[in-house]
Amino acid sequence: MIRLFDGLLNAMAIIAGILLALVPLLIFYDAALRVLRIGASVWVNDYSAIFLVYATFLATPWLQRERGHIYVEVIADQLRGVPRRRLAQCVALICAIVCLYLSYRSATVVHANIGYYDVSAIETPRWVRFAPLPIGFFLLALQFLRDAFGAGALSNDTVALGG
């Protein structure tokens with residue numbers, strides 16, 4: 001099950017990377033059309049915004065697993081051993097609870113926006129713009145729980161609090 005979860009996080013991170021790589025390509029495409037006076041691509045800004053939201057929430061659980069988040073350890077630097085691990089577990093548990101709450105709230109936003117459309121350059125179902133939020137927050141909560149209570153979780157003295 002852990003390998004399946006890790007595989008999911010890896011796949012989501014790869015998709016996020018592809019989306020992030022597409023954004024500057026789309027902007028270059030749009031700029032090239034303008035420079036060549038062929039016209040403008042009205043959909044580039046909409047897709048770029050959607051891609052950035054998706055990339056953020058798809059990559060966040062992977063980033064937590066890899067300890068890539070920024071963190072401050074003013075108090076933790078004063079602790080070693082078991083007290084440091086317990087503090088890190090408490091921080092991870094608090095983060096998991098917050099992420100579960102945000103997952104629930106964002107799921108209600110997705111549900112409330114079913115049937116509505118944003119019409120700017122493209123007509124997009126509004127829920128599509130919010131869809132990665134509950135998924136990303138839920139998987140991030142699972143990763144925080146894994147950090148706090150998983151096998152070998154927070155086992156060394158150099159563990160980062162929350163990230």
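Helices here are DSSP runs (H or I, at least four residues), numbered from the N terminus, and a helix's expected span is 1.5 Å times one less than its number of residues. You're looking at a predicted model, where local features need pLDDT of at least 70, side-chain atom pairs count only at pLDDT 80 or more, and totals for chains, interfaces and linings use all residues. Residues are numbered from 1 along each chain as its sequence is written, and side-chain values use heavy atoms, leaving out hydrogens and water.

**Stop 1: α1.** Select residues 2-35. This is helix α1, with 34 residues, and it reaches 50 Å from its first C-alpha to its last, close to the 50 Å expected. Now colour its buried residues (under 20% relative accessible area, 1.4 Å probe, protein chains only): among them are Phe5, Leu9, Met12, Ala16 and Leu19. Their cover includes α2 (44-65) and α5 (132-149). After α1, click on Arg37: its phi is positive, near 55°.

**Stop 2: α5.** Select 132-149 next. The end C-alpha atoms of α5 are 25 Å apart, which agrees with the 26 Å its 18 residues should span. Phe137, Leu140 and Phe144 are among its buried residues, and what covers them includes α1, α2, α3 (81-112) and α4 (126-130).

**Stop 3: both together.** How do α1 and α5 pack? They meet at an angle of about 135°, with axes (lines fitted to C-alpha atoms over the stretch in contact; angles run from 0 to 180 degrees between N-to-C directions) 12 Å apart. Show the contact (heavy atoms within 4.5 Å): Ile2, Phe5, Asp6, Leu8, Leu9 and Met12 of α1 touch Leu139, Leu142, Gln143 and Arg146 of α5.

Note on methods:
Helices (H or I, at least four residues) and strands (E, at least two) are DSSP runs, numbered from the N terminus. Buried means under 20% relative accessible area, exposed over 50%, partly exposed in between (1.4 Å probe, protein chains only).
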